[in-house]
Amino acid sequence: MKFQKKISSTTQGIPMSSLPDIIFMLLIFFMVTTVLREVDVQVQYSLPEAVSVEKIDNKRLLSYIWIGSDERIQIDDSIIPVGSISNIAYQKRMNNPNVIMSLRIDKGSRMGIVSDVQQELRRADALRINYSALVKL
Amino acid sequence: MFRKKKRPMAEISSSGMADIAFLLLLFFLVTTTIDVDTGIDLVLPPWVDNAEQVAVKSDNIANLLVNEVGDVLLDEKIIGVPQIKEEMIARIKANPKLIISYKTVRDTPYKIYIDVMDQLKMAYEALRQEYSREKFGLPMDQVNEEQLQEIRRTIPQRISLAEPTQAEA
């Protein structure tokens with residue numbers, strides 16, 4: 001008597017026809033989850049350089065304040081007067097108590113305006129700040 | 001009677017689709033730049049309505065003054081910006097309780113302010129690094145979180161920001 005190995009009639013193998021769909025899904029997932037929140041910066045600035053700079057690990061905590069070379073101040077998408085910084089900063093702190101205000105200040109600015117901004121931030125109790133600076137090589 | 005001739009369905013070969021999708025994915029992966037924000041961290045003092053004057057022994061204060069053209073005065077003596085680091089290291093070693101009172105005028109350029117702040121930060125960084133090596137035998141980026149906290153506690157950054165004054169005309 002001959003023993004014969006049973007061979008199943010179905011073909012083995014993973015169907016490859018849905019592979020593009022899976023990859024498209026991945027692509028779309030990444031495209032959707034990527035946050036492209038690019039704020040139009042309306043002021044001109046060039047950052048100062050420093051040696052002892054630290055990297056900011058948590059970008060979600062950051063909130064930016066720009067001060068341009070013409071001493072205009074921008075937060076989010078609008079140019080604002082100095083006096084309204086404290087209100088905005090207070091709102092930001094309400095939403096996120098650990099907010100770090102990143103000050104992107106033109107290196108030619110005067111300390112007067114920088115100090116005014118800092119006083120406003122103190123008033124709003126947003127005390128963690130970061131002077132944005134480039135790494136000096 | 002007319003009968004439509006049956007034709008085989010036109011087909012697009014879909015085997016290349018996966019490759020196209022892969023190419024797109026790779027393109028986005030490669031072109032996305034994640035720029036890291038760098039800067040100098042600082043914690044502002046809390047706002048108080050009636051600033052309480054706290055008397056500090058004058059021995060424990062280093063007065064750092066910067067004028068509108070960027071000359072730096074350290075305790076009434078003029079000092080070059082690159083020398084601040086070494087000077088401060090020596091002073092903090094001599095007196096660990098030293099508070100640096102950093103004052104500018106309203107017309108001081110921000111660049112000079114950052115340069116001086118950078119020097120102060122570098123001085124503290126060097127001191128912490130030294131402490132870390134002495135105490136734990138490791139550079140600061142290799143110690144654990146607890147040790148890092150201890151280093152920060154032992155050598156706190158005592159920088160007092162005074163409000164800029166109007167330059168005298």
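Residues are numbered from 1 along each chain as its sequence is written, while chains are lettered from A and ligands numbered from 1 in the order in which they are written. Because the model is predicted, local features need pLDDT of at least 70 and side-chain atom pairs count only at pLDDT 80 or more, whereas totals for chains, interfaces and linings use all residues.

Let us begin with confidence. Chain A averages a pLDDT of 83, with 93% of its residues scoring at least 70 (pLDDT is the predictor's confidence in each residue, from 0 to 100). Helices (H or I, at least four residues) and strands (E, at least two) are DSSP runs, numbered from the N terminus.

Six of its six residues are buried, so E6(A) is largely enclosed by the rest of the structure; buried means 20 or more other C-beta atoms within 10 Å of a residue's own, exposed means 12 or fewer, and partly exposed lies in between, with C-beta atoms placed from the backbone. In a regular strand the side chains alternate between the two faces of the sheet. Here A:Ile100, A:Ser102 and A:Arg104 point one way, and A:Met101, A:Leu103 and A:Ile105 the other. E6(A) pairs in the parallel sense with E3(A) over six bridges, and three bridges join E6(A) to E7(A), also running parallel (two strands pair if DSSP finds at least two bridges between them). A:Leu103 is the bridge partner of A:Ile65 and stands opposite A:Tyr131 in E7(A).

Chain B has an open, mixed sheet of five strands in the order E4-E3-E2-E5-E6. Strand E4 (77-79) and strand E6 (159-161) of chain B stand at the edges with a single partner strand each, so one side of each is left without a neighbour in the sheet. Within this chain, E2 (residues 61-66) and E5 (residues 99-104) pair in the parallel sense over six bridges, with B:Leu65 opposite B:Lys103.

Now bring the chains together. 41 residues of chain A are in contact with 36 residues of chain B, where contact means that C-beta atoms, placed from the backbone, lie within 7 Å. The largest share of the chain A side, eight residues, comes from H3(A). Two bridges also join E2(A) to strand E1 (residues 38-43) of chain B, and these strands run antiparallel; A:Lys55 has B:Thr38 as its bridge partner.

The largest nonpolar core has 41 residues, and A:Met101, A:Leu121, B:Tyr113, B:Val116 and B:Leu120 have the most contacts inside it. Such a core is a set of buried Ala, Val, Leu, Ile, Met, Phe, Trp, Tyr and Cys residues joined through C-beta atoms within 7 Å. H3(B) gives the most to this core, with nine residues.

Finally, two loop residues deserve a glance. Most residues other than glycine have a negative phi. A:Asp125, in the loop between H3 and E7 of chain A, has a phi near 65°, and is partly exposed, with 14 other C-beta atoms within 10 Å. B:Asp75 has a phi near 50° and counts as partly exposed with 13 C-beta neighbours inside 10 Å.

How values were computed
Two residues are in contact if their C-beta atoms, placed from the backbone, lie within 7 Å.
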